[in-house]
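The following exercises concern one protein model and its local geometry. Each task is followed by a solution that goes step by step.

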Amino acid sequence: MAFSLTRVPSIIHLSKCLLILLLLHAGAMLRANGQAAPAAVPAPKRQLAALRITEAIKLDGALDEASWQQAPVATDFIQNRPNPGPHETHPTEVRVLYDDANLYIGAVMHDVSPDSILREMGERDGFGNTDFFGVFFDTYRDKLNGYGFFITPAGVQMDARYSPAGGEDFSWNAVWDSRTALRGTDWVAELRIPYSALRFSQKDEQLWGLNFMRQRKRDNQGFFWNEVRPAVDGFVNQWGELTGLRNVKPPLRLSLTPYVSAYLDHYPYNVEGVPNTTRRFNGGADVKWGINESFTLDATLVPDFGQTQSDNRVLNLTPFEVQYNENRAFFTEGTELFNKGNLFYSRRVGATPIGYYGVDNRRKPGEYITKNPDVSLLVNATKVSGRTSKGLGVGVFNALSREMYATLRDSTSGREREIITQPLTNYNIVVLDQSLKNNSYVSLVNTNVTRAGSTFDANVTGGLFRFANKANAYAVDGSIVYSRRRGQGFEETGPVQERDGMKYSVSVGKISGNLTWNVSHSLVSDTYNPNDLGLLFNNNEISQSAQVSYNKYQPFWKVNNLYTWLGVNERSLFRPTRYSDASLYGGANTTFTKSFITTGFNFDAVPGRHDYFEPRTEKLGEYFVDVPGSFNIGGFVSSDYRKKLAFDVNAGIREYAADGDRSGRRGIGLGFSPRYRVSNQLTFRYNLSYNRSINQIGYVNGGLDSSEPLDEPFLDQILLGRRRVTTIENTVSMSYVFTNRMSFSIRTRHYTSHVHYRDFSTLQPGGRETPAAYGRNRDTAYNAFNVDAVFSWWFAPGSQVSVVWKNAAATEDAADRATPLYFDNLSGTLVTPHNNSLSVKVLYYLDYLTLRPHRRA
């Protein structure tokens with residue numbers, strides 16, 4: 001691939017001009033004849049009346065009580081995918097009943113034959129190769145926030161919350177009950193949703209947003225009772241209405257979920273006086289209390305997160321930290337309010353102590369480290385959240401972590417001493433979110449971290465907004481955030497850095513219709529720092545972008561749809577104001593009608609960039625790594641998941657322009673992920689990821705060491721290396737689902753990354769590099785191996801027994817010990833000492849409404 005890209009971002013300037021002309025032309029067309037453009041509009045809202053009952057409903061999937069025959073019927077669903085618009089051929093019939101404590105939803109899904117009803121088993125919240133039925137409620141009818149409850153023919157439950165910040169969030173779990181049954185050529189779903197699972201006002205007569213969904217997996221079809229049009233922005237705003245709810249009172253929502261857990265841990269220290277095997281027992285509880293009809297308090301007391309899935313550890317060669325997924329249920333459930341503005345990174349709570357990496361520098365001569373915990377232990381965590389009948393959402397989060405210490409031992413006397421690595425710390429978030437008309441909102445977010453003792457505290461306050469026009473065709477949104485830090489650095493005498501900072505962003509665009517566009521601008525000051533409770537990879541940046549998309553939602557030619565996009569962006573330093581990088585990017589994807597193969601491609605062109613962060617200098621602007629222009633193209637193919645054997649394949653290549661006499665720089669990425677469904681209960685998945693960067697220029701990993709003679713001549717310089725980085729990740733997983741409440745899964749992951757340096761240079765101001773006669777071997781090979789095996793049994797609603805085995809090992813070899821050979825790395829990792837943990841945890845859900853004594857008639 002031969003091409004030449006200049007280092008001046010003229011291609012971006014030209015692309016911006018073309019895009020602006022396109023948008024102006026589109027606007028002129030839309031204003032033709034003196035009238036506004038006809039925007040995509042939501043479908044008319046249907047209504048369904050719920051029927052109040054006094055007789056008991058037996059949850060058995062039969063729908064044979066008389067009340068079911070008396071209730072109004074919702075039917076005539078409309079297809080949303082793959083072909084939006086047609087009415088269903090195989091009817092769906094849904095009825096809604098209610099009493100003083102519960103909502104009951106009965107649904108009959110007519111079909112051709114039992115074989116046409118796909119019913120793969122799965123774990124809770126796991127959509128597989130199966131049909132399903134879903135019901136949605138917008139209890140405050142703000143058209144922004146809602147609940148979803150789903151059930152499959154095999155009885156597998158799924159539930160989700162819907163919000164502007166969280167989108168569709170399946171980490172939320174409610175306690176509700178359901179039954180399903182096959183009846184001839186039909187399947188029947190019967191759901192009982194207690195009012196305690198929802199939040200709503202105390203009005204005598206309720207009017208809720210309502211929708212139903214049916215998936216017929218046999219034909220990959222999805223249907224909604226109230227039509228959901230893909231060209232219309234938003235989801236909750238396209239629901240119908242539930243009427244007839246009268247004299248329904250929000251119940252006292254009070255539940256306690258105590259737990260006990262036991263751990264058996266083994267690591268082969270093989271050191272006298274240090275046991276290889278340890279045992280520990282934990283106990284605590286989760287509490288949920290409905291403060292009133294709108295707000296709920298969630299608290300976890302003495303939490304235990306030892307059974308969460310292992311992190312995907314990687315070799316980090318970048319100047320930024322690695323962002324890991326949040327796997328702790330308390331921090332993923334019901335957190336949509338706290339995610340407003342992306343100011344909350346929950347992994348900060350209970351994270352690595354702030355003084356963890358400085359322990360070695362605090363050792364006295366002759367001392368060595370015997371204990372240095374890498375996780376801060378939580379004492380408790382509490383959430384209060386809800387939304388009033390006026391659309392005001394309020395969220396308060398608070399967590400407290402205990403003091404953490406490292407232990408140092410004198411090698412001569414054996415005397416030990418402790419040094420603090422994390423003071424007693426309180427984390428707090430307050431969110432106010434007001435829903436407005438036309439899918440709009442304004443929000444205020446405040447995060448605060450308070451640490452005991454002589455160290456620093458941090459506070460971040462942000463305002464967010466989104467305003468859409470009445471037709472929901474155009475919107476403007478933005479934010480402004482201020483960060484404040486006060487005190488002195490941990491174990492330092494000087495004041496903490498980045499004491500005051502700010503950022504803002506604003507964007508405007510067309511959000512509905514086949515043609516959409518967006519123009520945005522943002523600024524982050526060089527002193528803005530939200531990272532005590534948030535996550536920002538780098539500050540000191542000004543950026544602007546523009547994007548236009550054209551989508552076809554109806555089938556044409558041989559495809560079901562077409563999604564395309566084209567955009568430009570540009571970034572520069574804020575202080576001093578200097579060009580950083582720019583790019584022209586685009587792509588498209590589609591799904592073929594008969595085969596249901598989904599495929600797509602993407603590209604970007606970058607006319608050279610200045611990387612001011614790679615040199616790891618405190619003051620930005622003078623030094624930068626000069627990266628030549630590059631062009632990237634990639635693509636993917638996903639096969640039909642209805643087949644027993646399905647796969648995903650992706651590939652990409654980035655080619656760079658010659659950098660003086662250095663050529664041959666490129667990046668290659670490949671991915672292959674097949675899955676095989678043996679039966680409706682047993683599934684295997686495999687994922688292979690391969691990435692190679694050739695002749696990459698970067699900061700020498702690990703920096704320089706004053707104790708190394710070969711490093712000494714370069715200690716006051718910035719050392720770069722030209723290197724080859726090869727990363728391979730293999731993940732194998734298996735899932736066997738015994739019943740819709742009992743499952744077993746195992747996941748094995750091996751990650752290896754090898755870095756080989758070809759030559760070195762020192763970085764001069766202005767991006768100039770000078771060849772360096774640096775002789776130390778800096779090759780590195782990092783390996784991580786994990787096994788997570790989980791047996792889970794939901795023996796009662798909200799109550800679970802889980803048995804987990806975790807195995808983990810990681811190695812890092814340097815210089816001559818680092819090998820690029822994959823199987824040598826794998827075998828070397830397997831024979832190194834491993835952490836093994838076997839744990840059993842039992843939690844039991846206790847609901848006050850079911851435990852309270854009932855009065856006799």
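**Exercise 1. Surroundings of V460**

Task: Classify V460 as buried or exposed, and determine which residues V460 touches.

Solution. 
Step 1. V460 has a relative accessibility of 4%, and therefore counts as buried, since buried means under 20% relative accessible area. This model is predicted.
Step 2. V460 belongs to strand 25, residues 457-468.
Step 3. Leaving aside residues up to four places away in sequence, V460 touches L343, V445, N446, T447, V481, Y482, S483, Y528, N529 and P530.
Step 4. A C-alpha separation can also be stated: V460 and G501 are 41 residues apart along the chain, and their C-alpha atoms are separated by 9.3 Å.

**Exercise 2. The buried side of helix 3**

Task: Identify which residues of helix 3 are buried, and which strands they pack against.

Solution. 
Step 1. Helix 3 covers residues 822-830, and its residues Y822, N825, L826 and T829 are buried.
Step 2. These residues cover an arc of only 100 degrees around the axis, so they lie on the same side of helix 3.
Step 3. The packing partners of the buried residues of helix 3 are strand 39 (719-739), strand 40 (742-763), strand 42 (780-796) and strand 43.

**Exercise 3. A nonpolar surface patch**

Task: Determine which residues make the nonpolar surface patch, and which element gives the largest share.

Solution. 
Step 1. The patch has an area of about 520 Å² and is made by V260, L264, V803, W805, L838, V840 and V842.
Step 2. Two or more residues each come from strand 15 (254-266), strand 43 (799-814) and strand 44 (835-843).
Step 3. Strand 44 gives the largest share, three residues.
Step 4. V803 lies in strand 43. Because its relative accessibility is 30%, V803 counts as partly exposed.

**Exercise 4. Backbone exceptions**

Task: Locate the cis peptide bond between R81 and P82 and the one between R575 and P576, then compare the accessibility classes of N220 and N342.

Solution. 
Step 1. Most residues other than glycine have a negative phi, and most peptide bonds are trans.
Step 2. The cis peptide bond that joins R81 and P82 has an omega of about 0 degrees. P82 sits in the loop between strand 3 (78-81) and strand 4.
Step 3. For the cis peptide bond that joins R575 and P576, omega is about -10 degrees. The loop between strand 30 (562-572) and strand 31 (579-591) contains P576.
Step 4. N220, although not a glycine, has a positive phi of about 55 degrees. It is placed in the loop between strand 12 (205-216) and strand 13 (221-224).
Step 5. N342 is likewise not a glycine and has a positive phi of about 55 degrees. The loop that holds N342 lies between strand 17 (295-301) and strand 18 (367-371).
Step 6. At 15% relative accessibility N220 counts as buried, whereas N342, at 65% relative accessibility, counts as exposed.

Terms used. Residues are numbered from 1 along each chain as its sequence is written. This is a predicted model: local features need pLDDT of at least 70, side-chain atom pairs count only at pLDDT 80 or more; totals for chains, interfaces and linings use all residues. Side-chain values use heavy atoms; hydrogens and water are left out. Patches are made of residues with over 30% relative accessible area and no salt bridge: like charges are joined within 9 Å, nonpolar side chains (Val, Leu, Ile, Met, Phe, Trp, Tyr) within 5 Å. Accessible areas come from the Shrake-Rupley method with a 1.4 Å probe; for residues, only the protein chains shown count as cover. A salt bridge is a side-chain nitrogen of Lys or Arg within 4 Å of a carboxyl oxygen of Asp or Glu. Helices (H or I, at least four residues) and strands (E, at least two) are DSSP runs, numbered from the N terminus. Buried means under 20% relative accessible area, exposed over 50%, partly exposed in between (1.4 Å probe, protein chains only). Contact means heavy atoms within 4.5 Å. The arc is that of the directions from the helix axis to the C-beta atoms.
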